[in-house]
Amino acid sequence: MLIHYLKLAWRNLSRHRMYATINIAGLAIGLASVVLITLYVRDEVSFDKFHINGPQIYRVVHDAMSPEGQEEKGGNTGAMQATAFKAGIPEIENVCRVRGGWEELVKKGNDAISEGVLYADTSFFSMFSFSIIKGDPVTALSDNSNVVLSEEMAKKYFGSTDVLGKEMEINQDGAFTRFRVSAVAKNTPINSSLRFGILLPIERTLQAEWTKRWMNNFLNTFIQLRKEAAIAPVVRKMNVILENRAGNQLAEIKKKYPNVYYRYNLQSFRQIHLDKTYNAGNGLTAWSNSSYSYILGLIAFFILATASINFVNLSLSRSLKRAKEVGIRKVSGSSRQQLVAQYLSESLLLNLLSIFPAISIVILVLPFFNELAQKQLSVSMIITPGSILSILVLLMVNTLLSGFYPAVFLSAFNPVQTLYGRFRLATRSYLSKSLVVLQFAMAVFLITGTIVMQRQFNYMLHKDPGYATSNLVSVAIPWEKTANLQPFKTALKNNPSILGAGAQSIRMTAMNTTNVRIDKKEIFNVPFYSMDADVLPMLEIPFVAGHNFRGLPSDSNSCIINESMATAAGLRDPIGHSLHWNDRDLTIIGVLKDFHTASLHEKIAPTLIE
């Protein structure tokens, strides 16, 4: 019977090609948009789901209150927490520290190539489900001279994956160090928050004094709970350990600022990618926001609804032409159910015919969509069983959305009235007007949203951040390779095409923070740079008080703050005041005008430059 209905539907559509073309084009564009957005959302929600121990893995995070009453949430810890929590909390089965987010130079012949490097504990492969194809995952990071490579890195530097025992040189603390390849891992999945091509033991990055400070935050600490363990008791025990280990330090701070607190919490590993509460960095990549998926899902619904409403309106507009057809079929013995089935078959056929141009549009647009969304979605993701099932479900839903009411409406015509032309379409008129209004309202909403986003994007591109950004080039220099820094700067300045050169530490992020004290007033989680006297003149950031560094040895005992930090310290004229930081007393010599970061959404406040 379905085949018979589809044949009738094909004959009817063949006689009305313009009607069919308009419907197929509208549905194809709507379906293509929905498929693209569905691929994006599926990729977002699939992050980190491939880890076998995923439900039991959590990241240690912290919640704090600053003396100014500002609530602060951070995703990093220091080096001590992992071993202390593992020893003191029976519910914890395994711990792993991860650090990264910067690049190191790797030798390949006579060349040095900058590569991203991740550092992790020996428990990395027992906690996370990254496959080892060569070597032993248990001992892969057991020696500080070991290195684990991905398939891609192994082929890039050695031409094959059969590289166990081979050596390579990686820059460490300003000097090239030899490492022995102890394992080769499969390439990291694109839906992983932890990605690596080169993996080194984390002990290489830890200094002895760092293991004595509980309030440092510079790496990610992951814990794996036993399957029967509850989260609340573990969090409670973590904070008891904090009180026992750092209680004196916290007590001293609370004497001055009673509202200040600092406590640990746990964040599910599978929630990191879409959780904007705690920052993701230091080895965690591709941090996103769940709001994007909700917004795109809403847009997909509006697009599909607009296409369906367009189908309904076109079907209702043809109802007059099909009235006699309905009357003749009813007089000939067709039941209302049969007529509904026939018209739903037409809707199904139109939706089926729209799938092929929709997939073609997806394939054509996918590279541009990937560039816009910063994804690596591929055409192969469309032909997976899950995607095919999703498309079929979408097809059936859209068939009902677009075809059910026209089918019911047309099948309800009275045969006598239709054959004699005595029926009225007042109901259709009211519905059509309502659908047209709704369709235009959704179209206006989408167009308005597009215009607003486009203007916001232009604002972000052209908004003056408060410092010079044109004709600036950033060159990464290996950590602590200060011996070659000055000759390198001199060589740059001697180039007639270069107007100036300066040196500074890595770009400011929310994770590069410290605690300082100005005139006995504690200020917590202060972002900071380290830079020389040549940087600020190039950036053209105006001073509101004081002056820049002078390029003299005395600069090592000086610092520059911005307006927000001066306000936080309660100082109208901070020049000459002492700032205590990292066991050093620095003299404030300048105050900069507040400016914005390159991303424009986060104001640097407060800022320390030394």
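A cavity is a set of points, on a 1 Å grid over the protein atoms alone, where a 1.4 Å probe fits but cannot get out. Grid points are joined across faces, edges and corners, and a volume is the space filled by probe spheres set on the points. Lining residues have an atom within 4 Å of a point. The structure is a predicted model, in which local features need pLDDT of at least 70 and side-chain atom pairs count only at pLDDT 80 or more, while totals for chains, interfaces and linings use all residues. Residues are numbered from 1 along each chain as its sequence is written, and side-chain values use heavy atoms, with hydrogens and water left out.

A search of the whole structure returned two cavities of 30 Å³ or more. The second largest cavity has a volume of about 40 Å³. Its lining consists of L31, V35, I355, A358, I359, I391 and L394. Helices (H or I, at least four residues) and strands (E, at least two) are DSSP runs, numbered from the N terminus. Helix α9 gives the most to the lining, with three residues. By class, the lining has seven nonpolar, no polar and no charged residues. Here Ala, Val, Leu, Ile, Met, Phe, Trp, Tyr, Cys and Pro count as nonpolar, Asp, Glu, Lys and Arg as charged, and the others, Gly among them, as polar.

Helix α9 also holds V365. V365 counts as partly exposed, at 30% relative accessibility. Buried means under 20% relative accessible area, exposed over 50%, and partly exposed in between (1.4 Å probe, protein chains only). G75 sits in the loop between β2 (71–74) and α3 (81–88). The relative accessible area of G75 is 0%, so this residue is buried.

Salt bridges were examined next. Side chains of opposite charge can pair when their charged atoms come close. A salt bridge is a side-chain nitrogen of Lys or Arg within 4 Å of a carboxyl oxygen of Asp or Glu. The whole structure contains twelve salt bridges. In one of them, E91 pairs with K237, and the closest N and O atoms are 2.8 Å apart. E91 lies in the loop between α3 and β3 (92–108) and K237 in helix α6 (residues 231–256), so the pair ties together parts that are 146 residues apart in sequence. E91 is buried, with a relative accessible area of 18%. K237 is partly exposed, at 31%.

R97 forms a salt bridge with E203, with 3.0 Å between the closest N and O atoms. This pair links distant parts of the chain, 106 residues apart: R97 is in strand β3, and E203 is in the loop between β9 (198–201) and β10 (220–225). R97 is buried, with a relative accessible area of 7%. E203 counts as partly exposed, at 42% relative accessibility.

E167 and R178 form another salt bridge, the closest N and O atoms being 3.2 Å apart. E167 lies in strand β7 (residues 167–172) and R178 in strand β8 (residues 175–185), so the pair ties together parts that are eleven residues apart in sequence. E167 is partly exposed, with a relative accessible area of 46%. Elsewhere, K489, K493, D532 and D534 are linked in a network of salt bridges.

On the surface, L298, F301 and F445 form a nonpolar patch, with about 310 Å² of accessible area together. Patches are made of residues with over 30% relative accessible area and no salt bridge; like charges are joined within 9 Å, and nonpolar side chains (Val, Leu, Ile, Met, Phe, Trp, Tyr) within 5 Å. Accessible areas come from the Shrake-Rupley method with a 1.4 Å probe; for residues, only the protein chains shown count as cover. F445 is placed in helix α12 (residues 426–462). At 43% relative accessibility, F445 counts as partly exposed.

Backbone angles were considered last. Most residues other than glycine have a negative phi. Q374 is not a glycine, yet has a positive phi of about 55°. Q374 lies in the loop between α9 and α10 and is exposed, with a relative accessible area of 73%. E540, also not a glycine, has a positive phi of about 60°. E540 lies in the loop between α14 (535–539) and β14 (543–546). E540 is exposed, at 58% relative accessible area.

Conventions: 1 Å grid on protein atoms, 1.4 Å probe; cavity = no way out; pocket = protein on both sides within 12 Å on 5 of 7 lines; lining within 4 Å.
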